[in-house]
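Please keep the sequence and the model in view while reading.

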There are 2 protein chains.
Amino acid sequence: MFILSSPSGAGKTTIAKKLLAQVDGLGMSVSVTTRPIRPGEVEGKDYHFVDRDTFSQMVENGEFLEWAEVFGNCYGTPKAQIKAGLKAGQDYLFDIDWQGTQQLYQRMEVDVVRVFLLPPSIAELEDRLRSRGTDSDEVIRSRMDRAKAEISHWDGYDYVVINDDIESCYDSVLHILEAERLRRARQTGLVDFTRKLMA
Amino acid sequence: MFILSSPSGAGKTTIAKKLLAQVDGLGMSVSVTTRPIRPGEVEGKDYHFVDRDTFSQMVENGEFLEWAEVFGNCYGTPKAQIKAGLKAGQDYLFDIDWQGTQQLYQRMEVDVVRVFLLPPSIAELEDRLRSRGTDSDEVIRSRMDRAKAEISHWDGYDYVVINDDIESCYDSVLHILEAERLRRARQTGLVDFTRKLMA
(Lines give C-alpha, C1' and ligand atoms only; values in the text may rest on other atoms or scores of the structure.)
Protein backbone atom coordinates (compact mmCIF):
# COMPACT_ATOMS: atom_id res chain seq x y z
CA MET A 1 0.00 0.00 0.00
CA PHE A 2 1.39 3.28 -1.16
CA ILE A 3 0.38 6.17 1.07
CA LEU A 4 0.61 9.74 -0.11
CA SER A 5 0.01 12.47 2.45
CA SER A 6 0.55 16.20 2.38
CA PRO A 7 -0.94 19.39 3.65
CA SER A 8 -3.70 20.56 1.36
CA GLY A 9 -2.21 22.62 -1.47
CA ALA A 10 1.06 20.67 -1.72
CA GLY A 11 0.05 18.85 -4.90
CA LYS A 12 -1.08 15.49 -3.57
CA THR A 13 -4.24 15.25 -5.66
CA THR A 14 -2.47 16.04 -8.94
CA ILE A 15 0.28 13.51 -8.25
CA ALA A 16 -2.19 10.84 -7.14
CA LYS A 17 -4.34 11.21 -10.26
CA LYS A 18 -1.32 10.98 -12.55
CA LEU A 19 0.03 7.91 -10.75
CA LEU A 20 -3.32 6.14 -11.02
CA ALA A 21 -3.54 6.97 -14.73
CA GLN A 22 0.01 5.94 -15.61
CA VAL A 23 1.17 3.15 -13.32
CA ASP A 24 0.17 -0.45 -14.02
CA GLY A 25 -1.10 -2.47 -11.09
CA LEU A 26 -1.85 0.58 -8.97
CA GLY A 27 -5.43 1.35 -8.01
CA MET A 28 -7.49 2.90 -5.30
CA SER A 29 -9.53 0.90 -2.89
CA VAL A 30 -13.23 1.61 -2.69
CA SER A 31 -13.96 3.10 0.71
CA VAL A 32 -17.02 2.54 2.85
CA THR A 33 -18.89 5.70 3.88
CA THR A 34 -21.96 6.81 5.79
CA ARG A 35 -22.19 9.90 3.57
CA PRO A 36 -25.38 10.05 1.49
CA ILE A 37 -24.88 9.08 -2.14
CA ARG A 38 -24.64 12.08 -4.51
CA PRO A 39 -26.12 12.33 -8.00
CA GLY A 40 -23.86 10.56 -10.48
CA GLU A 41 -22.12 8.42 -7.86
CA VAL A 42 -22.23 4.67 -8.23
CA GLU A 43 -22.47 2.26 -5.29
CA GLY A 44 -19.42 -0.02 -5.25
CA LYS A 45 -17.46 2.24 -7.62
CA ASP A 46 -17.20 5.61 -5.87
CA TYR A 47 -17.95 4.25 -2.42
CA HIS A 48 -19.76 1.52 -0.63
CA PHE A 49 -22.63 3.46 0.94
CA VAL A 50 -23.82 2.14 4.28
CA ASP A 51 -25.85 3.49 7.18
CA ARG A 52 -24.32 4.44 10.48
CA ASP A 53 -25.34 1.25 12.29
CA THR A 54 -23.71 -0.91 9.63
CA PHE A 55 -20.57 1.24 9.77
CA SER A 56 -20.38 0.99 13.58
CA GLN A 57 -20.83 -2.77 13.34
CA MET A 58 -17.98 -2.96 10.82
CA VAL A 59 -15.75 -0.93 13.14
CA GLU A 60 -16.59 -3.27 16.01
CA ASN A 61 -15.89 -6.32 13.86
CA GLY A 62 -12.45 -4.90 13.00
CA GLU A 63 -13.31 -4.80 9.31
CA PHE A 64 -11.42 -1.56 8.65
CA LEU A 65 -7.71 -0.98 8.20
CA GLU A 66 -8.36 2.63 9.13
CA TRP A 67 -11.39 4.81 9.48
CA ALA A 68 -12.14 8.41 10.34
CA GLU A 69 -15.03 10.79 10.83
CA VAL A 70 -14.86 13.94 8.71
CA PHE A 71 -17.54 16.64 8.92
CA GLY A 72 -19.98 14.24 10.52
CA ASN A 73 -19.55 11.43 7.99
CA CYS A 74 -17.56 8.26 8.48
CA TYR A 75 -15.10 6.85 5.95
CA GLY A 76 -13.31 3.53 6.24
CA THR A 77 -10.91 1.32 4.28
CA PRO A 78 -12.20 -2.27 4.18
CA LYS A 79 -9.55 -4.75 5.21
CA ALA A 80 -10.66 -7.84 3.29
CA GLN A 81 -10.69 -6.11 -0.09
CA ILE A 82 -7.17 -4.67 0.34
CA LYS A 83 -5.65 -7.86 1.67
CA ALA A 84 -7.04 -9.91 -1.20
CA GLY A 85 -5.82 -7.33 -3.74
CA LEU A 86 -2.31 -7.06 -2.28
CA LYS A 87 -2.03 -10.83 -2.25
CA ALA A 88 -2.92 -10.90 -5.93
CA GLY A 89 -0.13 -8.40 -6.69
CA GLN A 90 -2.29 -5.29 -6.82
CA ASP A 91 -0.85 -2.12 -5.26
CA TYR A 92 -3.12 0.47 -3.69
CA LEU A 93 -2.69 4.20 -3.54
CA PHE A 94 -3.97 5.95 -0.43
CA ASP A 95 -4.50 9.63 -0.24
CA ILE A 96 -4.95 10.03 3.52
CA ASP A 97 -3.79 12.27 6.33
CA TRP A 98 -1.26 11.51 9.03
CA GLN A 99 -3.83 9.99 11.37
CA GLY A 100 -5.03 7.47 8.81
CA THR A 101 -1.41 6.73 7.96
CA GLN A 102 -0.62 6.07 11.58
CA GLN A 103 -3.62 3.76 11.99
CA LEU A 104 -2.59 1.80 8.91
CA TYR A 105 1.03 1.60 9.89
CA GLN A 106 0.57 0.69 13.52
CA ARG A 107 -1.67 -2.26 12.80
CA MET A 108 1.13 -3.69 10.68
CA GLU A 109 -1.27 -6.06 8.99
CA VAL A 110 -0.32 -4.85 5.55
CA ASP A 111 2.82 -3.79 3.74
CA VAL A 112 2.93 0.01 3.72
CA VAL A 113 5.14 2.65 2.07
CA ARG A 114 4.56 6.17 3.34
CA VAL A 115 5.37 9.26 1.29
CA PHE A 116 4.91 12.83 2.48
CA LEU A 117 4.85 15.83 0.16
CA LEU A 118 5.94 19.24 1.39
CA PRO A 119 5.42 22.63 -0.24
CA PRO A 120 8.63 24.50 -1.12
CA SER A 121 7.67 27.35 1.20
CA ILE A 122 4.76 28.50 3.30
CA ALA A 123 4.23 31.51 1.00
CA GLU A 124 3.92 29.16 -1.97
CA LEU A 125 1.40 27.03 -0.08
CA GLU A 126 -0.70 30.08 0.73
CA ASP A 127 -0.55 31.19 -2.92
CA ARG A 128 -1.79 27.79 -4.04
CA LEU A 129 -4.64 27.79 -1.54
CA ARG A 130 -5.64 31.33 -2.53
CA SER A 131 -5.49 30.60 -6.24
CA ARG A 132 -8.10 27.89 -5.83
CA GLY A 133 -10.93 30.35 -5.70
CA THR A 134 -12.81 32.80 -3.65
CA ASP A 135 -12.27 31.62 -0.10
CA SER A 136 -12.39 34.29 2.58
CA ASP A 137 -9.25 35.27 4.47
CA GLU A 138 -10.65 33.49 7.47
CA VAL A 139 -11.09 30.21 5.60
CA ILE A 140 -7.57 30.56 4.15
CA ARG A 141 -6.20 31.17 7.63
CA SER A 142 -7.87 28.10 9.04
CA ARG A 143 -6.62 26.06 6.07
CA MET A 144 -3.09 27.32 6.69
CA ASP A 145 -3.35 26.34 10.34
CA ARG A 146 -4.51 22.90 9.37
CA ALA A 147 -1.69 22.64 6.80
CA LYS A 148 0.91 23.51 9.42
CA ALA A 149 -0.54 20.95 11.80
CA GLU A 150 -0.32 18.32 9.05
CA ILE A 151 3.28 19.34 8.21
CA SER A 152 4.27 18.74 11.82
CA HIS A 153 3.81 14.99 11.19
CA TRP A 154 6.39 14.79 8.38
CA ASP A 155 8.60 12.59 10.54
CA GLY A 156 6.12 9.72 10.54
CA TYR A 157 6.83 8.94 6.88
CA ASP A 158 9.38 6.80 5.04
CA TYR A 159 10.00 9.34 2.30
CA VAL A 160 9.70 13.10 2.07
CA VAL A 161 9.50 14.89 -1.27
CA ILE A 162 9.54 18.67 -1.59
CA ASN A 163 7.20 19.73 -4.37
CA ASP A 164 8.82 22.77 -5.93
CA ASP A 165 8.09 21.51 -9.42
CA ILE A 166 5.12 19.26 -10.09
CA GLU A 167 6.84 17.28 -12.86
CA SER A 168 9.99 16.48 -10.92
CA CYS A 169 7.91 15.82 -7.81
CA TYR A 170 5.84 13.33 -9.81
CA ASP A 171 9.00 11.66 -11.12
CA SER A 172 10.36 11.36 -7.59
CA VAL A 173 7.18 9.77 -6.26
CA LEU A 174 7.05 7.43 -9.26
CA HIS A 175 10.66 6.37 -8.71
CA ILE A 176 9.94 5.68 -5.05
CA LEU A 177 7.07 3.42 -6.09
CA GLU A 178 9.18 1.66 -8.74
CA ALA A 179 12.08 1.19 -6.34
CA GLU A 180 9.87 -0.14 -3.57
CA ARG A 181 8.48 -2.72 -5.97
CA LEU A 182 12.06 -3.93 -6.52
CA ARG A 183 12.63 -4.62 -2.84
CA ARG A 184 13.71 -8.18 -2.44
CA ALA A 185 11.12 -8.91 0.20
CA ARG A 186 8.30 -7.86 -2.14
CA GLN A 187 9.36 -9.97 -5.12
CA THR A 188 7.67 -13.19 -4.23
CA GLY A 189 8.85 -14.99 -7.35
CA LEU A 190 12.56 -14.68 -6.55
CA VAL A 191 12.89 -17.90 -4.58
CA ASP A 192 11.80 -19.95 -7.59
CA PHE A 193 13.64 -17.74 -10.06
CA THR A 194 17.01 -17.99 -8.34
CA ARG A 195 16.51 -21.71 -7.72
CA LYS A 196 16.18 -22.16 -11.48
CA LEU A 197 19.30 -20.02 -12.10
CA MET A 198 21.35 -22.20 -9.77
CA ALA A 199 19.95 -25.53 -10.99
CA MET B 1 26.85 3.77 0.46
CA PHE B 2 25.31 2.19 -2.56
CA ILE B 3 26.39 -1.40 -3.06
CA LEU B 4 25.98 -3.15 -6.39
CA SER B 5 26.68 -6.87 -6.52
CA SER B 6 26.04 -9.50 -9.13
CA PRO B 7 27.52 -12.62 -10.56
CA SER B 8 30.09 -11.80 -13.21
CA GLY B 9 28.34 -11.32 -16.55
CA ALA B 10 25.13 -9.85 -15.15
CA GLY B 11 25.95 -6.29 -16.20
CA LYS B 12 27.27 -4.78 -12.99
CA THR B 13 30.28 -3.06 -14.52
CA THR B 14 28.27 -1.39 -17.28
CA ILE B 15 25.63 -0.16 -14.84
CA ALA B 16 28.25 1.05 -12.34
CA LYS B 17 30.16 3.04 -14.98
CA LYS B 18 27.01 4.72 -16.24
CA LEU B 19 25.87 5.62 -12.72
CA LEU B 20 29.24 7.16 -11.91
CA ALA B 21 29.18 9.17 -15.13
CA GLN B 22 25.61 10.42 -14.80
CA VAL B 23 24.69 10.78 -11.13
CA ASP B 24 25.75 13.86 -9.19
CA GLY B 25 27.27 13.30 -5.79
CA LEU B 26 28.09 9.66 -6.47
CA GLY B 27 31.69 8.53 -6.54
CA MET B 28 33.90 5.60 -5.83
CA SER B 29 36.16 5.37 -2.86
CA VAL B 30 39.85 4.84 -3.46
CA SER B 31 40.77 1.41 -2.13
CA VAL B 32 43.98 0.41 -0.42
CA THR B 33 45.82 -2.51 -2.01
CA THR B 34 48.99 -4.56 -1.63
CA ARG B 35 48.97 -5.21 -5.39
CA PRO B 36 52.03 -3.78 -7.18
CA ILE B 37 51.32 -0.58 -9.07
CA ARG B 38 50.83 -1.07 -12.82
CA PRO B 39 52.07 1.22 -15.58
CA GLY B 40 49.69 4.16 -15.98
CA GLU B 41 48.19 3.82 -12.51
CA VAL B 42 48.38 6.77 -10.15
CA GLU B 43 48.87 6.45 -6.38
CA GLY B 44 45.88 7.97 -4.58
CA LYS B 45 43.73 7.93 -7.69
CA ASP B 46 43.50 4.31 -8.79
CA TYR B 47 44.50 2.89 -5.43
CA HIS B 48 46.51 3.64 -2.36
CA PHE B 49 49.41 1.24 -2.82
CA VAL B 50 50.86 -0.11 0.43
CA ASP B 51 53.04 -3.06 1.41
CA ARG B 52 51.71 -6.09 3.20
CA ASP B 53 52.93 -5.03 6.66
CA THR B 54 51.20 -1.68 6.37
CA PHE B 55 48.02 -3.40 5.20
CA SER B 56 48.09 -5.89 8.09
CA GLN B 57 48.62 -3.02 10.50
CA MET B 58 45.61 -1.20 9.05
CA VAL B 59 43.48 -4.35 9.43
CA GLU B 60 44.59 -4.65 13.05
CA ASN B 61 43.82 -0.99 13.70
CA GLY B 62 40.31 -1.49 12.33
CA GLU B 63 40.91 1.03 9.56
CA PHE B 64 38.89 -0.88 6.96
CA LEU B 65 35.14 -1.07 6.47
CA GLU B 66 35.76 -4.28 4.56
CA TRP B 67 38.76 -6.00 3.09
CA ALA B 68 39.46 -9.16 1.13
CA GLU B 69 42.30 -11.12 -0.36
CA VAL B 70 41.92 -11.91 -4.06
CA PHE B 71 44.53 -13.91 -5.99
CA GLY B 72 47.13 -13.24 -3.31
CA ASN B 73 46.61 -9.48 -3.13
CA CYS B 74 44.73 -7.60 -0.44
CA TYR B 75 42.17 -4.89 -1.09
CA GLY B 76 40.48 -2.76 1.55
CA THR B 77 38.03 0.12 1.86
CA PRO B 78 39.39 2.79 4.21
CA LYS B 79 36.88 3.76 6.86
CA ALA B 80 37.94 7.35 7.58
CA GLN B 81 37.69 8.48 3.96
CA ILE B 82 34.18 7.06 3.49
CA LYS B 83 32.84 8.36 6.77
CA ALA B 84 34.07 11.88 6.07
CA GLY B 85 32.62 11.78 2.54
CA LEU B 86 29.21 10.47 3.64
CA LYS B 87 29.03 13.12 6.32
CA ALA B 88 29.68 15.76 3.67
CA GLY B 89 26.79 14.44 1.57
CA GLN B 90 28.84 12.37 -0.85
CA ASP B 91 27.42 8.97 -1.86
CA TYR B 92 29.70 6.08 -2.71
CA LEU B 93 29.18 3.30 -5.18
CA PHE B 94 30.63 -0.08 -4.28
CA ASP B 95 31.07 -2.83 -6.75
CA ILE B 96 31.77 -5.73 -4.37
CA ASP B 97 30.74 -9.32 -3.87
CA TRP B 98 28.42 -10.75 -1.24
CA GLN B 99 31.20 -11.22 1.31
CA GLY B 100 32.29 -7.59 1.17
CA THR B 101 28.63 -6.58 1.34
CA GLN B 102 28.11 -8.67 4.43
CA GLN B 103 31.19 -7.22 6.13
CA LEU B 104 30.01 -3.68 5.38
CA TYR B 105 26.48 -4.33 6.47
CA GLN B 106 27.21 -6.21 9.64
CA ARG B 107 29.48 -3.53 11.05
CA MET B 108 26.57 -1.11 10.73
CA GLU B 109 28.91 1.84 11.02
CA VAL B 110 27.70 3.36 7.79
CA ASP B 111 24.42 3.77 5.97
CA VAL B 112 24.20 1.06 3.31
CA VAL B 113 21.81 0.28 0.43
CA ARG B 114 22.37 -3.12 -1.17
CA VAL B 115 21.33 -3.92 -4.74
CA PHE B 116 21.78 -7.29 -6.41
CA LEU B 117 21.60 -7.81 -10.16
CA LEU B 118 20.51 -11.14 -11.59
CA PRO B 119 20.82 -12.41 -15.15
CA PRO B 120 17.50 -13.22 -16.87
CA SER B 121 18.54 -16.86 -17.28
CA ILE B 122 21.54 -19.08 -16.79
CA ALA B 123 21.83 -19.59 -20.56
CA GLU B 124 22.01 -15.82 -21.06
CA LEU B 125 24.72 -15.55 -18.40
CA GLU B 126 26.76 -18.25 -20.10
CA ASP B 127 26.34 -16.50 -23.46
CA ARG B 128 27.61 -13.25 -21.97
CA LEU B 129 30.62 -14.92 -20.38
CA ARG B 130 31.43 -16.73 -23.64
CA SER B 131 31.06 -13.62 -25.76
CA ARG B 132 33.76 -11.90 -23.75
CA GLY B 133 36.53 -13.69 -25.59
CA THR B 134 38.43 -16.85 -25.97
CA ASP B 135 38.20 -18.49 -22.56
CA SER B 136 38.40 -22.25 -22.53
CA ASP B 137 35.38 -24.36 -21.64
CA GLU B 138 37.03 -25.14 -18.37
CA VAL B 139 37.45 -21.47 -17.45
CA ILE B 140 33.85 -20.80 -18.46
CA ARG B 141 32.70 -23.71 -16.33
CA SER B 142 34.55 -22.44 -13.29
CA ARG B 143 33.14 -18.94 -13.89
CA MET B 144 29.64 -20.37 -14.09
CA ASP B 145 30.18 -22.21 -10.83
CA ARG B 146 31.38 -19.04 -9.19
CA ALA B 147 28.40 -17.14 -10.65
CA LYS B 148 25.97 -19.67 -9.22
CA ALA B 149 27.65 -19.45 -5.83
CA GLU B 150 27.30 -15.65 -5.93
CA ILE B 151 23.64 -15.90 -6.99
CA SER B 152 22.92 -18.03 -3.94
CA HIS B 153 23.43 -14.91 -1.80
CA TRP B 154 20.68 -12.87 -3.47
CA ASP B 155 18.67 -12.87 -0.27
CA GLY B 156 21.21 -10.73 1.58
CA TYR B 157 20.27 -7.64 -0.42
CA ASP B 158 17.67 -4.91 -0.06
CA TYR B 159 16.78 -4.81 -3.76
CA VAL B 160 16.97 -7.34 -6.55
CA VAL B 161 16.89 -6.28 -10.20
CA ILE B 162 16.72 -8.76 -13.07
CA ASN B 163 18.84 -7.50 -15.94
CA ASP B 164 17.03 -8.62 -19.07
CA ASP B 165 17.55 -5.27 -20.73
CA ILE B 166 20.53 -3.10 -19.84
CA GLU B 167 18.66 0.20 -20.31
CA SER B 168 15.69 -0.67 -18.15
CA CYS B 169 17.99 -2.32 -15.61
CA TYR B 170 19.98 0.92 -15.44
CA ASP B 171 16.79 2.93 -14.98
CA SER B 172 15.69 0.63 -12.16
CA VAL B 173 19.00 0.94 -10.33
CA LEU B 174 18.99 4.71 -10.84
CA HIS B 175 15.46 4.97 -9.46
CA ILE B 176 16.45 2.93 -6.43
CA LEU B 177 19.31 5.36 -5.79
CA GLU B 178 17.06 8.40 -6.29
CA ALA B 179 14.35 6.98 -4.05
CA GLU B 180 16.78 6.05 -1.30
CA ARG B 181 18.07 9.62 -1.31
CA LEU B 182 14.51 10.78 -0.61
CA ARG B 183 14.20 8.68 2.54
CA ARG B 184 13.25 10.91 5.39
CA ALA B 185 16.04 9.66 7.59
CA ARG B 186 18.68 10.63 4.99
CA GLN B 187 17.47 14.17 4.41
CA THR B 188 19.31 15.90 7.18
CA GLY B 189 17.96 19.33 6.29
CA LEU B 190 14.31 18.46 6.91
CA VAL B 191 14.22 19.38 10.58
CA ASP B 192 15.15 22.97 9.79
CA PHE B 193 13.08 23.07 6.61
CA THR B 194 9.85 21.94 8.27
CA ARG B 195 10.50 24.18 11.25
CA LYS B 196 10.57 27.13 8.88
CA LEU B 197 7.36 25.97 7.16
CA MET B 198 5.55 25.84 10.48
CA ALA B 199 6.94 29.11 11.84
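The model is a predicted one. Over all chains, it holds 10 aromatic pairs. A pair of aromatic rings is described by the distance of the centres and the angle of the planes.

**A ring pair in chain A**
- The ring centres of A:Phe116 and A:Tyr157 are 4.7 Å apart and the planes stand at 40°, so this pair is tilted, falling between the 30 and 60 degree limits.
- The pair joins distant parts of the chain, 41 residues apart: A:Phe116 belongs to strand E8 (residues 113–118), while A:Tyr157 lies in the loop between helix H6 (137–151) and strand E9 (159–162).
- A:Phe116 has a relative accessible area of 0% and is therefore buried.
- A:Tyr157 is also buried, because its relative accessibility is 1%, under the 20% cut-off.

**A ring pair in chain B**
- B:Phe116 and B:Tyr157 form a tilted pair, because their planes are at 40°, with ring centres 4.7 Å apart.
- In chain B, this pair links strand E8 (residues 113–118), which contains B:Phe116, with the loop between helix H6 (137–151) and strand E9 (159–162), which contains B:Tyr157.
- B:Phe116 is buried at 0% relative accessibility, and B:Tyr157 is buried at 1%.

**A ring cluster**
- A:Tyr47, A:Phe49 and A:Tyr75 are linked into a cluster by ring pairs.

**Charges over rings**
- A:Arg114 lies over the face of A:Tyr105, 3.5 Å from the ring centre.
- B:Lys18 lies over the face of B:Tyr170, at 4.3 Å from the ring centre.

Methods:
Residues numbered from 1 in each chain as written. Chains lettered and ligands numbered in written order. Predicted model: local features only at pLDDT ≥ 70, side-chain atom pairs only at ≥ 80, totals over all residues. Heavy atoms only, no water. Phe/Tyr/Trp six-rings, centres within 6.5 Å; stacked < 30°, edge-to-face > 60°. Helix = DSSP H or I, 4+ residues; strand = E, 2+ residues; numbered from the N terminus. Buried < 20%, exposed > 50% of the residue type's maximum accessible area, 1.4 Å probe, protein only. Lys NZ or Arg CZ within 6 Å of the ring centre and 35° of its normal.
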